[in-house]
Amino acid sequence: MSKLTDKVSYLKGMADGMKLNMDKDANKLIMEILNALGEFAEEMQAVTDAHDELNEYVESIDDDLADLEETLFGDEEEDDEDDGEEEDDEIIAYACPECGHEIEFRAGDVDLSEDYLCPACGKPIFPEIEEDEAEDDEESPEE
């Protein structure tokens, strides 16, 4: 039994022990309140039991789903991690846009927000394109 049910039973026992006279309206009211509290306590216990049962069911579904995901996608996730490492280690050859000097570097080591200078001519390897120049380049094919 729940604590609430136990408390209501205790209160009913007290009322019986006090031998409340049912002839008085106040005593009738108290007894009816105790009866209503008893019904509430029983309903709360039923809801709690149903909630616990549902919670166990959801946990079992979650476990089954985790097993299924592992079976279906477990190897794929490991393969994706390996592929990502290979791409980062890939050596890329790039020619300086100014002098044509060929530079090799790892793809994962390049941060395009940094300025890299050509070791041959000292000019930026990845020159920034100004917004005006980009707009001019876009308009040129239309002319």
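Start by selecting Cys 96, Ile 103, Phe 105, Cys 118 and Ile 125: these five residues make up the largest nonpolar core. That term covers buried Ala, Val, Leu, Ile, Met, Phe, Trp, Tyr and Cys residues joined through side-chain atoms within 4.5 Å, where buried means under 20% relative accessible area, exposed over 50% and partly exposed in between (1.4 Å probe, protein chains only).

A word on what you have open: it's a predicted model, in which local features need pLDDT of at least 70 and side-chain atom pairs count only at pLDDT 80 or more, while totals for chains, interfaces and linings use all residues. Residues are numbered from 1 along each chain as its sequence is written, and side-chain values use heavy atoms, with hydrogens and water left out.

Now click on Ile 125. Setting aside neighbours within four places in sequence, Ile 125 has contacts (heavy atoms within 4.5 Å) with Tyr 94, Pro 97, Ile 103, Tyr 116, Leu 117 and Cys 118.

Next, select 102-106, strand E2. Strands are DSSP runs of E with at least two residues, and helices are runs of H or I with at least four, numbered from the N terminus. Which residues are on the covered face of E2? Ile 103 and Phe 105 are, while Glu 102, Glu 104 and Arg 106 sit on the uncovered one. In a regular strand, side chains alternate between the two faces of the sheet.

(Strands pair if DSSP finds at least two bridges between them.) Look for Ile 92 opposite Phe 105. Six residues separate the strands of this hairpin, and Gly 100 in the turn has a positive phi of about 85°.

Last stop: Met 18, in the loop between helices H1 and H2. Met 18 is exposed, at 56% relative accessible area.
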